[in-house]
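Here is a short briefing to read alongside the model. Have the sequence and the 3D view open as you go.

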Amino acid sequence: MKKYLNILLGSKNLHAFKQVLAITFTNKAVNEMKERVLTSLHAFSEESILNNPTPLFNIIAEELSISHEELHLRAKRVLTKILHNYAFFDIVTIDKFNHRLLRTFAFDLKLPTNFEVSLDEKTLINEAVDNLIYQAGEDKILTEILIDFALEKTDNDKSWDVARDLKEIAKLLSKEEYIEHIKLLKGKSLEDFKNLGKQLKEMINQQEEDITTIATSLLETFTKKGLEITDFTGKYLPGFLQKIVSKNYTSIKFNAKWQEKIATDPLYPKRVNLGTTTTIDNLQPRIAEDFQNIKTGFFRLEFLNNFYKNLVPLSLLSAINAELIKIKEERNLLLISEFNRLISSAIANQPAPFIYERIGEKYKHYFIDEFQDTSTMQWQNIQPLVSNALEAELPSGKTGSLMIVGDAKQAIYRWRGGKAEQFIDLYNEENPFHADKEVTSLPTNYRSYDEIVKFNNQFFQHISQFLNNDTYKDLFEKHSFQKQNNKPGGYVNFNFIDPKENKESEDNLYCIATLDAIKDALDKGFTYNDISILTRSKAQGTTIADYLSENDIPIISSESLLLKNDKKIAFLIDLITYFNQPEDKEIHLNILRFLAEKNKVEELHSFYEKYISNLELVFEEQDFKPNYFLQLPFYNAVEYAINTFNLAEESEAYLQFFLDEILAFSQNNNDSLSSFLAFWELKKDALSIVAPQSSDAVQLMTIHKSKGLEFSVVIYPFADTSIYNDRDFKMWFPVEKDLFGVDYALFSKKSAIENINETGKALVSDYDQKQELDQLNILYVALTRAVEQLYIICKRDISAGGVENVKTFAGLFINFLKSEDLWKDTQDNYSLGNHQRSSEGKSMNTELSQTIPFISNSSFGNSFELITKSGSLWDTKQKTAIDKGNIYHYLLSKIFYKEDIQITVDEAVANGLIEKEESGTFKQYLTDLTEESSLKKYYTRAYKIYNEREIITSEGTFLRPDRFVEKDNKVTIIDYKTGGFSDKYKNQINGYANALAQVGYEVEEKLLVFINDNIEIIKV
């Protein structure tokens, strides 16, 4: 912020802001950054700053070595320039900047210049997969592959539905780190993959046979030698061999102690006789060798099985992508996830001046915020531009600059390409530019109270020992310490729940503890909107939200803001569904239940009995006409339903958002009821309203959503996340091309590649280390959101022997408390700091904010009438007068000032509106009108002109006066008419006056201008 202002105010060039590009990752961050810059410039430009300078004003004046008066004047001028050239005020998201680049290079990339950007990648991928599956039965090889895949899934006791697997694998198409691997598969046909599948199946069968033969032979040897199962310690070895023979692979492990020393330690208990021990001792070398062969063979089998499991979805990836390309080309769409890849291919190896020339701008100073979330390709795409700025000399003799801001401990977006390692490398050794680098740390925490800062310092330095990568360990051990900021106070509370000692379910225990924490915070003087609950997943948030709602705690969450959870929206969906499925009795009941509740029906049984089989009757009583509903365009039909059933009250955010979605849907799709219902099923879990920040309610969100935010009180339930989560594991692994015909295969099971060779072991180790960093980063973000009070609710994850599980967050918390000598086996609740509130309570803003009324078109199909009188007017003087009046009316709507007459008439001639021979007559008439003594001044630049400007009244009515002019907040209304005076004209112009008065204008004059053969002006 200070650096940005220094650049803007450090130059006498008032347009310096046009040479600055600031990039961040969210629209919210963009708006906050712009607001800070403009607020600071506004404060600097106020006269009062000279008498009461702010600390920032003093610092900038000192760093720029200019007087306070000079800084004040510069701020005023720069602010004016920015406001007048706002489009060049380039603080943007990286996606917006990339979009601009793509528009520029659209021709080079063979993209349509009018492409639209789609954020809804999931829906398009689902549609592409569905389209592919619909081809089953037409394409022989595709059909065989899909059927075989479905049968194999059922054989493995899984759903036969292959769509889910294909939709999951299709996500790889948008993953930046998978692009090169997918390219290598492009030359492979479905036939190639089918043959590879057969080969893998044969190898799997052979591998199973090999290890089964070894195990069977060894068991037969035991029998021949007279050995019993009980002759082996714990029956471990025979039991293991029997599992191999029976192919009970899921329970086979290779981490038992007896397996580690199978070649050296006795394999029998002390109680067996000498003859038995001698027999087993003699067999031990063979047993050890056979065990090792089985182990190697088992790992090979696991490798082949996982290779085969992912082959079918992978083989269809190209086919899915082909369908996706078809959809995008048909609709002129470009996925936002494609931006980085397309830009990379467009500007790779291009000199920066060429790129600048194409985008028409030349930035000298760059700011990149939240750099830890930048992907490799995003950074590579920006580097040529930055490099040119840093290495080229400005006229002043200086070079450009790059300021990067980030925190590797808050890198929580690896799943979408964010790479913390880039930032770590930059502030350590790496420098991709031929320019000096300066690293500055921001040591002081200005957000949190002392006890919160102290706890986080101690906790994260302590748990850094559990990181297995030295670089990551250094990050938390040496770079997580923050200075306190002289805000004494703060409170941290741990609540460990133990499901084993409670009758309540685990989820319920978390909910109860969360409610207790809310009550505790309220008792200390905090309000609902001071409190935020952070969860790792949406499902956990939903569980908490449902419980709190049942206990009358006001909440705002992504779930509570969903359109589908509003009763009126649910009713409209049921109504639409009814016309699509008129025989569905459940829909009948839903509609009746809503109407009964809305109309406060007391005798529900008789109400349902009367209408359940005859909804038409209840529609008739509500004055709702089904046939009319079905005849209207879809958007208007829904508006009609809203108005007829009186769903809209003064302000209806859910209905307004719902209508916005219908409008967007209607513009991009056919607006049939069935199409919309299919769209709704896909999108209903994501469509939500935006809640006002001032609501007095507990905020509930995921940790990812909370990044960059702060809350007086943070409650973190379900704080027992496992650090090593293999559920979403996917890795490309190099395979023998000579044997398999491909360079890489996709694996979804860690052990499948970890145990196959040293390369696999190294790759899995690197993956685990990154998981450790990512999980601790999530924990860091969660624990540093709190300003004053932090409540942590987690499981008592400790064994009966008192050993905590340090592979979970809960275990790390226990380990920390032990290190501080605070842990007691009999205690579940721990407190650090001052439980009392330290801050002063902020009074809630009780002033009611002005609501925006729900506005809809209540006239629908009646808005337009077909006039059939025209035949009777042909070739009459009346027809000529009407036509001429309409033309003058149109021309006057285009004339703002007197000098616009010439060009307006010329354009009318060019467009065929008037004949060239008539142009002189029209010009003269319009000139006479604008020179009328009572009108003349209203066609000059002394006034601000509004022609045909729509006004929305407080009742939601749309008004459009022909012209009104404004000066010093005083307006004059001019309305053009033909024919003679009528009271309705007077009422109409008075209506305009009332509407403008409501907006805040003072109405000076109201003029009716009659455009007949002679100009007549009537003052109302």
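Asp530 sits in the loop between helix 22 (506-523) and strand 8 (531-535); helices (H or I, at least four residues) and strands (E, at least two) are DSSP runs, numbered from the N terminus. This is a predicted model, where local features need pLDDT of at least 70 and side-chain atom pairs count only at pLDDT 80 or more, while totals for chains, interfaces and linings use all residues. Residues are numbered from 1 along each chain as its sequence is written, and side-chain values use heavy atoms, leaving out hydrogens and water.

**Around Asp530**
- With 7% relative accessibility, Asp530 counts as buried (under 20% relative accessible area, 1.4 Å probe, protein chains only).
- A polar atom of the Asp530 side chain lies 2.9 Å from the backbone nitrogen of Thr527.
- Asp696 is 166 residues away along the chain, yet its C-alpha atom is 8.4 Å from that of Asp530.

- Seen in order 9-10-8-11-14-7-15, 7 strands form an open sheet with mixed pairing (two strands pair if DSSP finds at least two bridges between them).
- Strand 9 (555-557) and strand 15 (829-833) are at the edges with a single partner strand each, so one side of each has no neighbour in the sheet.
- Strand 11 (residues 711-716) and strand 14 (residues 786-795) pair in the parallel sense over 5 bridges, and Val714 stands opposite Leu790 in strand 14.

**Helices on the sheet**
- Helix 22 packs on the sheet, touching strands including strand 8 and strand 14 (contact means heavy atoms within 4.5 Å).
- Helix 36 (residues 809-819) also packs on the sheet, touching strand 7, strand 11, strand 14 and strand 15.

Conventions:
Buried means under 20% relative accessible area, exposed over 50%, partly exposed in between (1.4 Å probe, protein chains only). A polar contact is a pair of N or O atoms within 3.5 Å; within protein, one must be able to donate a hydrogen and the other to accept it, and residues adjacent in sequence count only if both atoms are side-chain atoms. Axes are lines fitted to C-alpha atoms, for helices over the stretch in contact, and angles run from 0 to 180 degrees between N-to-C directions.
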